[in-house]
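Please read it alongside the sequence and the structure.

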Protein chains: 2
Amino acid sequence: MVESQACKDLAAARAKTSFPIIELTRYIYGSDEEIARRRKIANIVLNDPVFSFDRRVGLSRVEDVKTGLAMSLRLYQLREEHKFTHEEFRMCLDFIDDYLPVGLHETAFIPAIYAQGTDEQAKYWGPLAEKHQIIGCYAQTELGHGSNLSGLETTATFNKDTDEWIIHSTTFTASKWWIGGLGVIATHAFIQARLIIDGKDYGPHGFIVPIRSLKDHRPFPGVKAGDIGPKAYGGFSKIDNGYVLFDHHPIPRENMLMRFAKVSRDGQYTRPPHSKLSYGSMILLRSGMVREASMVLGRATTIATRYSTVRRQFHVPTSRKDIDNPKLETQVINYPMVQARLFPMIAQAYAILAAGKKMQVMYKSMLSELMVGDISSLAEVHSISSGLKSTCSTIAATGIEDCRKLMGGHGFSYFSGIPHIWSSYVPSNTYEGDNFLLTQQSARYLMKQLKTATTEPEKLTSFSKYLLRALDQDALQSERCSVQDASDWLKPEVQLAAFEHRAGRLVSTLALAASQENVIWSDLNIECWRLNHAQSEYVIASCAIESLSLAKDEDMSSGTMHVLKRLSDLFALHTIHTSLSDYLEDYYISPNQCQLLRQQIKSLLTALADDVVGLVDAFDFPDQLLNSALGSYDGDAYQRLWDTAQKQKINQTEVVDGYKEYIVPILTQYGVAKL
Amino acid sequence: MVESQACKDLAAARAKTSFPIIELTRYIYGSDEEIARRRKIANIVLNDPVFSFDRRVGLSRVEDVKTGLAMSLRLYQLREEHKFTHEEFRMCLDFIDDYLPVGLHETAFIPAIYAQGTDEQAKYWGPLAEKHQIIGCYAQTELGHGSNLSGLETTATFNKDTDEWIIHSTTFTASKWWIGGLGVIATHAFIQARLIIDGKDYGPHGFIVPIRSLKDHRPFPGVKAGDIGPKAYGGFSKIDNGYVLFDHHPIPRENMLMRFAKVSRDGQYTRPPHSKLSYGSMILLRSGMVREASMVLGRATTIATRYSTVRRQFHVPTSRKDIDNPKLETQVINYPMVQARLFPMIAQAYAILAAGKKMQVMYKSMLSELMVGDISSLAEVHSISSGLKSTCSTIAATGIEDCRKLMGGHGFSYFSGIPHIWSSYVPSNTYEGDNFLLTQQSARYLMKQLKTATTEPEKLTSFSKYLLRALDQDALQSERCSVQDASDWLKPEVQLAAFEHRAGRLVSTLALAASQENVIWSDLNIECWRLNHAQSEYVIASCAIESLSLAKDEDMSSGTMHVLKRLSDLFALHTIHTSLSDYLEDYYISPNQCQLLRQQIKSLLTALADDVVGLVDAFDFPDQLLNSALGSYDGDAYQRLWDTAQKQKINQTEVVDGYKEYIVPILTQYGVAKL
């Protein structure tokens, strides 16, 4: 077969790469061993027919859930067959790339048992769950309450006579809702319910509640459970997000997880020793979401970059004409507007990756401190992980959809591969703390740090040292960006100074607003939101810059170092440009510096043009995971789109099902055509 | 049954409305008769079981298409039954709110026959199509070419011997792709193909090509047709977007539509008299899309406003506590962040509505001029409609999804109603001219107008008069916003001056860039994009302001006038604030004026708070169209979400299909649990 123009174009673009791609792949995943392990797992999972993406598309809701069950079973079979380690199993879940009915059993139910159960409870429930002889879900959110945990309405009332908890939904808005796995599969649920003894309400606590009988899978009397129905945009299609309504459902006292709070046989309540310890798992989740944001944006930009390289549209005169073949139209990746939209997203994926790595380091260090009872870094790590979760997942979700729009009409085909990524990912802007609400966490922390700056400046943490400058209003207001020519914008200290100035000014603006009379905190959530993004963008830019020196230590070639530096620069400058008004408003950046900024961004785009294919290749996403007709490694976009369409079930008959029933009556409503 | 708190909340909010809602409904739809007609049609369509939204969800791709066919047949039956006028029929299509297999037959194929066919051709094909004895589609886009029409690869080669055109796909990328109706239903296609006679290529022309036999619906020999498969995000699910590949498919010479270009029996080609006349239908489509943007944003904000009114989350101290019932949590619509996100979108819906009305007036006036051969306003109307299409559909698509995010977790349920709106609407940012590419049209026009400003200033049209000020660079640079206190921001002349200044500066920036040596137009598409949005936002703001005086003439009550003025102000000020850097960069707006701007926006949000429910009610969208558990007129969100879930097919059995096949093996892989 003749190689298509598309394949030639992608190969030619790839050949221009200025650095050894494997070096960046190693940078992303840590080591050659890790790369090999990823490839091994990907091969196992993605070549298994049960996980074939071809079988997952175009299904009805009922078929979708059934497919999710089939995938769950196969997953456990593969685990046994290949004796996957815990990490390998988690990797499987990533490669499967669909939330499964057993997903939260693994990632939330089992961890809750170990985190909140006593040793004895862990010993009892742990193995049952690990061998999935029971299947659990994590039931916190209710129909009427999501963000506001303290408003949960489900109750667990202690019955001293029977030594039982009576689990009850006080009203139908108290029904647990959105709970993954609860719809059709779960036999048990970890339930957050208000603990009540002798009429006294102790607030939400965790209980393990049997939901469906292990004999015949029917819900127990007093338990009404089901599926909440389809989700937006075809997302979460294989998982059975469900609801449950309790009508005085009794469970043994021992089913309360009592690692922290305890209730004795005679109804004595013992409160937990330290309430903040439970922040640990929240921080872990949010830190993980930073890296995840980088990975999903990496996938979307991989697809968009490759397709934009092979897609040719319009003849452009002179300068950008294809020198080798002037009859060909221009590759769309050569248009400045495409570069201006696409390349910064690649830079974001890499910068967020650096922030994700940093979060992992910070989390581990905090954890070892916690082990010896030191909670000093808890507040900072919590604040930064919350802030980054909000900013990074917003950037990634927006970016993925922007990648789709970049791809023209075919982007709207399901087979572009982007729709699956976006519809699975965009809810992350709402769960694990709504991205708007979360911004209050980091803003509140920075306000406290501002006080620390006055009282104990030596205690300021690395990402809030700049607050020292924010203490002096006059000095802050007279700060000016030092850029004199375009290349000054490439100095890390210039970039960081800008981010610090902006965040510092927004902290002091917030502090001023908060000090006004009659102001309540929730009136300031717009200010908090602005501040949070300023702070998080500063943190990401810092991490990207820091990662350059880390990379240096790792013996990277100068070609790779150069391209990483360009990405870091593009991230910083593009981000500053996006929020330019923040810098212009107090004259920190002058009109001339704006011009120089745009000029430098354009230069960076041009400098990166030959490397973008290599940069997305470095993510090493297998074709089967991308599942994109338009973004595969060989670039054969049009052939794949054509082939994929042919395979559709609807095209297997020459005349559509429904012809006699509907089409004939339409054609003949006013008699047969006389041609 | 006791009325729920949610219903009480929405009724109470509605009761606060400061103006007669019907006045705004009349403003939106034009007259009481039109309102009544809309309601009549909505009733007929939306209460018909075939169009019930309950039946449209959770289907497989094959079932989706079959449902689309069933809806098509029912649509024609209703048209006959109720003897719908042309306008009423179009209204039906709107209320059905799903693209149907026969949709483009009605809106593109039939119009193409009348617009491009000779009188004789119209007389032959017209009635066949009107009585849907043949069903057509409009086949322009190809697998390899969308935006670039002149790159189409399908050929129609004249065979003098047989007096036939040979329709041929020169390569598989020449296959027509994305064509609605082509997948399974179309018997005929309007095809754009390169007309070739004696080896000479005359470029794309229109032909009517039989695709499937009227006897048995099988594709003709030489015709390979099918469905392109599922689309992104579950959008366009009921329509059979299809492809066709031709292998030397012969059609009679008369099947070329010859109103403009003609080919005689002996192969003589006559070129069309005026190429720009065909712009008319493009302008009509794009103008219609301006109003459509308002309507879809109106629907999304209706849902988000109502749900935010009944949704209560968190107790907020003091000032915002519910006075009537301090035990209740705060309605989320009372949070400043919610208001700051939601209310500007309502203002956008109304401002874009005003722009849509203006476009209709301009289009009609242009049309009557064209009738007498006057093409003087064609360029302006084309430019403005292109620019507005880009800006308004971007605002609306972004806004709809922002509405969903505003609604917390439940927003991601399909039953929130937003997903269907967004997934049907977002492709509009790509079709009828990609929103990024389109911006070059209006930028190019403004560059020409800038020349006109120098040479024939009296010929400047109303939306480009401001260019006179842009001619004098020094004067432009010394212009300053005149605001001295917050209320100055409410002066229409202050708002318009700001918009004009910004657009003027961006025109002259573009002109300067274009005048540099070696610059080609496509290098400037970022500048074009910025300019287009500045211009379009100026046009929208102007129309909103102009509509206030029109409303005055219509004898509106002062309450209604007040709220329209607030909306117009909020649109203008929010828009200025969104692009603040453009105004700060040349010192047009001072830091102090920024503060006053934010202050005034906050005041407007507060002033509108009691009226937002009335403002969305005024759109008069029936519950069945909104199809939202969360946004119905009575506000009973939680009850509806509960009820809707219960009705799902998957919940009709106590134990899920797949239990024995998958769940039992999972539970027993390591033996049965010993509890």
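In this predicted model, B:Cys481 is buried, with a relative accessible area of 7%. A:Cys392 is likewise buried, its relative accessible area being 0%. Over all chains the number of disulfides comes to zero, and for A:Cys392 the reason can be read from the distance, because its sulfur lies 9.1 Å from the closest cysteine sulfur, that of A:Cys543, which is too far for a bond. B:Cys481, for its part, takes part in no disulfide, the nearest cysteine sulfur being that of B:Cys594 at 9.5 Å.

The domain assignment divides chain A into domain 1 (136-273) and domain 2 (279-617), and the C-alpha centres of these two domains of chain A are 39 Å apart. Five residues of domain 1 of chain A are in contact with seven residues of domain 2 of chain A. Between them, domain 1 and domain 2 of chain A bury about 400 Å², with 76% of that area on carbon and sulfur atoms. On the side of domain 1 of chain A, the residues A:Ser147, A:Tyr233 and A:Phe236 supply 86% of the area buried against domain 2 of chain A, more than any other three residues.

The two chains also meet, with 141 residues of chain B in contact with 141 residues of chain A. In chain B, the residues that lose the most area to chain A are B:Tyr233, B:Phe412 and B:Trp642, which together make up 7% of what that side buries. One salt bridge joins B:Lys602 to A:Glu527, the closest N and O atoms being 3.3 Å apart. Helix H4 (residues 61-82) of chain B gives the most to the side of chain B that touches chain A, contributing twelve residues.

The table sets out the two pairings.

| Pairing | Buried area | Share on carbon and sulfur atoms | Salt bridges | Residue pairs in polar contact (both at pLDDT 80 or more) |
|---|---|---|---|---|
| Chain B and chain A | about 12500 Å² | 65% | ten salt bridges | 46 residue pairs |

A:Asp97 is buried, with a relative accessible area of 13%. Leaving aside residues up to four places away in sequence, A:Asp97 touches A:Phe53, A:Arg56, A:Arg299, A:His420 and A:Leu625.

Definitions and conventions: Residues numbered from 1 in each chain as written. Chains lettered and ligands numbered in written order. Predicted model: local features only at pLDDT ≥ 70, side-chain atom pairs only at ≥ 80, totals over all residues. Heavy atoms only, no water. Buried < 20%, exposed > 50% of the residue type's maximum accessible area, 1.4 Å probe, protein only. Contact = heavy atoms within 4.5 Å. Disulfide = S-S within 2.5 Å. Domains from an automatic or database assignment. Buried area = accessible area lost by both parts, 1.4 Å probe. Salt bridge = Lys/Arg side-chain N within 4 Å of Asp/Glu carboxyl O. Polar contact = N/O pair within 3.5 Å; in protein donor to acceptor, adjacent residues only side chain to side chain. Helix = DSSP H or I, 4+ residues; strand = E, 2+ residues; numbered from the N terminus.
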